Every structure is written in structure tokens, then in C-alpha cells.
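Subject: Structure handover

Hello,

Here is the structure I promised to pass on. Please open it first, then read my notes below.

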Amino acid sequence: MKICVLPGDGIGPEIMAEAVRVLRALDLKFEMEEALLGGSAVDATGNPYPEATSKLAREADAVLLGAVGGPKWDGLPREQRPERGLLGIRKELGLFANLRPAILYPELANASSLKPEIVAGLDILIVRELTGDIYFGQPRGIEMREVNGKGERYGFNTMHYTESEIRRIGRVAFEAARKRDKRLCSVDKMNVLETTQLWRDVMSELAAEYPDVELSHMLVDNAAMQLVRAPKQFDVMVTGNMFGDILSDEASMLTGSIGMLPSASLDENNKGLYEPSHGSAPDIAGKGVANPLATILSAAMMLRYTFAQEEAAQRVEGAVKKVLAQGFRTGDIFEPGTKKVGTREMGDAVLAAL
Ligand SMILES: NC(=O)c1ccc[n+]([C@@H]2O[C@H](COP(=O)([O-])OP(=O)(O)OC[C@H]3O[C@@H](n4cnc5c(N)ncnc54)[C@H](O)[C@@H]3O)[C@@H](O)[C@H]2O)c1
Ligand SMILES: CC(C)[C@H](C(=O)O)[C@@H](O)C(=O)O
Ligand SMILES: [Mg+2]
């Protein structure tokens, strides 16, 4: 079981250290090798996704990633930005299916942004398409254009999907819904965007193959509103790259914090990249206070999806449940009456629970 470990930038190395300790504590034999991605890679090589990282990632069975980016690199030309490294590895490895489960642990009901009665028992799976959409559309750029007889800067991106790209992410979502509560909500903006009209058409066509799954469609603005009005109406949500990015951050707050939201990004064969849904959190980087649980839960998803080690995955998830029940909280999920701990102490608590 070969894992390519990419700590990344900001809080990345801090949260990754805890996830690696948890993996090492299991009675499983992993081969873990570290490489550079993002800003740290730019600093060392000038490239956010160096060839050595690409090689290691391609040879590994799974990739575990912290987070990339930060203000230090914001002024760089686009192709050298840390985020390009992340998009590059997702694209190169064909990781089109991004699973982002938003699960509320009962102990965090009061940490949720919503009232406990609205979120109690919340368990949503957001299935986000990850290698298409406006993120990867050509042409894109910022250039001078002639507007009303004078030069102006003009910024442009292109939103696009092919029907096969929509169908393959649709299948992942229908299959996931089939194993859960059999309800799938496809989120689009078909009232305005042709790309998402095609999205809706293809999802509707696919529904014929999954008669046991109830498919509904929702416009993305309404979906954003419904997520905070009555989130438990959703079981599985499937959407494009950009809407999924936004809706998953929104959904994270229903579970208490973005520091609780793991993710799996899978190819056709369940080779995967596993990372928390949050970023490098420059505002708290280096302080030892970041919540490592999203990364630890991402490692559990890796055990489940890539390595088919369901028992080990459940052990890790069980340990996370236990530390929450014991009252350990990082600052983002802290409430009076619980024990405030830092990143390392949270990792210690998970190890003790294991
Ligand atoms: N997958 C990734 O690598 C990824 C994802 C999102 C953003 N980013 C990058 O990260 C940088 C910062 O982005 P941002 O500030 O918009 O989003 P962010 O997710 O890094 O931070 C948003 C807020 O959430 C908090 N937060 C995030 N993770 C936390 C954790 N584990 N524990 C406690 N609090 C946490 C941060 O302190 C901050 O207040 C940018 O460069 C962005 O491009 C990377
Ligand atoms: C950093 C950025 C490229 C990334 C995305 O937009 O996909 C992040 O926000 C995420 O959610 O993983
Ligand atoms: Mg995001």
C-alpha cells in the first residue's frame, strides 16, 4: 500500500503530521513517501507540480494531501500559483469524482451554524465533478481588448462539459445514492447556462438506468438557500466543479467547521487523492491550532476507497467519534464546557482512542 504524502503549505504540514501518525498506528503496512506540491514546490523548484511529485503520485496507490496556497504566492503568474499544482495533479491522475461527505457528529450539534433541531442526524454526500467545468475551460485569460474604441483589460473563462464527463460523474452519484437513502439531487443553473442544461438532460437520461433512485433537480441558488433552510432534505447532491466547490464549503458549516470536512477524489479505478476540503488557512498557520480531523477522516476515506480496508477506516472514524465524545475540541469547534486542544494534542487524543 503505497502512499504519496503531500503536506503542502500553511497548516498543511501540521495537519498531515497527525494523519500520518494515525496511519502509522494501524496494524497495516504502508509505504509512505513525501513530495512537494503547491507553494513549497514553487519555492524549491519554480513549479507547483514538479515532475518528481508527478512521478511519485503516478506510482503510488493513493495520494494524501494537506492543503496548498497562501498570500506569499498570490502575486505569481497564474501557471506558477500553488493552486495550479492542485488542479494539475487532479487532472493528470484523472480524479474526476470528488466525494465530500458532510456528516454532523451529535457532539457538535451546538457548534453547527444552524439550530440543533435543523441539523440533528445530518448526513449529506456532495458529489462534485472535479476535472471539468469552468475550472479547465479554454480559452481563458486576461488581455487587452478594444471596447468602445479604447483599450480595456478583459478577463474571460469558458464553462464547458461533454456529455460523457457528465454521465461518468452521474453514475458515481447514482451508485452512491443507491447505497444510501436512494435520493439524488442534481444541482445546476439550467435557467441561464447551456452547459448546465446539458448537465440536467444527461442526469435525467441516466435516471432511467437507476429506477430505484429518486432523482430531483434544483437550481444552484435555491440549493444554497435550501442547504441552510432544511439541509436534511438532501441525501446525495451531484453538481459541477465550481458549484460543488462553493456548496461543499457551505455544507461544512452545518457540521460545525470546515475543519471537519474530508474528501476523496477518485479516478475510474478508485485510485484516489485524499484531502481535507479546506485550504491552507494562512491566518492560523504555524500556530499549532488547526483542526486535523478533516485530514484524519480523509485518511479513513483512503483506507475505505483505495485500500478496501473497511475495518481500519471504521476504527479511525470510531476514534474521531470517541475524542469528540471525550470533549476534545480545537478552536474552530470549541464551546464552553469542552477541552480546548491544539493540533498535536488532538492527534494524541485520536491515537489514544485508537
Ligand atoms: N485543497 C486545497 O489545497 C485548498 C482548498 C481551499 C483553499 N486553498 C487555498 O488556501 C488558501 C487560503 O484560502 P481561504 O482562506 O480562502 O480558505 P481556508 O479554507 O484556507 O480558510 C478559511 C477559514 O477557515 C479556517 N480553517 C480552514 N481549515 C481549518 C482547520 N483545519 N482548522 C481550523 N480552521 C480552519 C481558516 O483559519 C480560515 O479562517 C488560498 O491560497 C486557497 O487557494 C487550498
Ligand atoms: C484551491 C482550489 C483550487 C480548490 C478548488 O477550488 O477546487 C479548493 O478550493 C478545494 O475546494 O479543493
Ligand atoms: Mg474549495
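Helix 2 (39-45), helix 3 (51-59), strand 11 (264-266) and strand 12 (272-274) are among the elements that cover the buried residues of helix 4. Keep in mind that this is a predicted model. Helix 4 itself runs over residues 82-92. Its buried residues are Pro-82, Arg-84, Gly-85, Leu-86, Ile-89 and Arg-90. Just past the end of helix 4 sits Gly-94, with a positive phi of about 65°.

UniProt, in an unreviewed entry, gives the feature "binding site" at Arg-90, Arg-100, Arg-128 and Asp-221. Do these positions gather at one spot or lie apart? They span 132 residues in sequence, and the farthest two C-alpha atoms are 26.7 Å apart, so they do not all gather at one spot.

Take Arg-100. It belongs to strand 4 (residues 97-103). Is Arg-100 buried or exposed? Arg-100 has 25 other C-beta atoms within 10 Å, and 20 or more count as buried, so Arg-100 is buried. Beyond its neighbours within four places in sequence, Arg-100 is in contact with Ile-126, Arg-128, Ser-248, Leu-261, Ser-263 and Ser-277. One of these, Arg-128, is also on the UniProt list.

Now Asp-221. This residue is in helix 8 (residues 220-229). Asp-221 has 13 C-beta neighbours inside 10 Å, so it counts as partly exposed.

You will find it in strand 6 (residues 141-147). Met-144 is exposed, because it has 9 other C-beta atoms within 10 Å, and 12 or fewer count as exposed. Leaving out residues up to four places away in sequence, Met-144 touches Gly-151 and Arg-153. Gly-155 is eleven residues from Met-144 in sequence, and their C-alpha atoms are 8.8 Å apart in space.

Next, the helix pairs. Helix 10 (residues 293-305) packs with helix 11 (residues 310-325) at an angle of about 160°. Their axes are 7 Å apart. Angles over 145 degrees count as roughly antiparallel, so helix 10 and helix 11 are roughly antiparallel to each other. Their crossing is left-handed. Which residues of helix 10 and helix 11 meet? Helix 10 brings Leu-293, Ile-296, Leu-297, Ala-299, Ala-300, Leu-303 and Arg-304. Helix 11 brings Glu-310, Ala-312, Ala-313, Val-316, Glu-317 and Val-320. The contact residues of this pair divide into ten nonpolar, no polar and three charged.

Helix 11 also meets helix 12 (residues 343-353). Their axes come within 8 Å and cross at roughly 115°. The crossing of helix 11 and helix 12 is right-handed. On the helix 11 side, the residues in contact are Ala-319, Val-320, Lys-322 and Val-323. On the helix 12 side, they are Met-346, Ala-349, Val-350 and Ala-353. Seven residues of this contact are nonpolar, none is polar and one is charged. Val-320 of helix 11 meets helix 10 and also meets helix 12.

Last, the record on the chain. UniProt lists residues 2-350 as "domain: Isopropylmalate dehydrogenase-like", in an unreviewed entry. Over residues 2-350 the chain is 39% helix and 20% strand. The end C-alpha atoms of that stretch are 23 Å apart.

Best wishes

Key:
Residues are numbered from 1 along each chain as its sequence is written. Chains are lettered from A and ligands numbered from 1 in the order in which they are written. This is a predicted model: local features need pLDDT of at least 70, side-chain atom pairs count only at pLDDT 80 or more; totals for chains, interfaces and linings use all residues. Axes are lines fitted to C-alpha atoms, for helices over the stretch in contact, and angles run from 0 to 180 degrees between N-to-C directions. Helices (H or I, at least four residues) and strands (E, at least two) are DSSP runs, numbered from the N terminus. Angles under 35 degrees count as roughly parallel, over 145 as roughly antiparallel, 65 to 115 as roughly perpendicular and the rest as oblique. A crossing is left-handed if the near helix is turned anticlockwise from the far one by less than a right angle, and right-handed if clockwise. Two residues are in contact if their C-beta atoms, placed from the backbone, lie within 7 Å. Ala, Val, Leu, Ile, Met, Phe, Trp, Tyr, Cys and Pro count as nonpolar, Asp, Glu, Lys and Arg as charged, and the others, Gly among them, as polar. UniProt positions are given in the numbering used here, feature names are shortened, and annotations may be inferred rather than shown by experiment.
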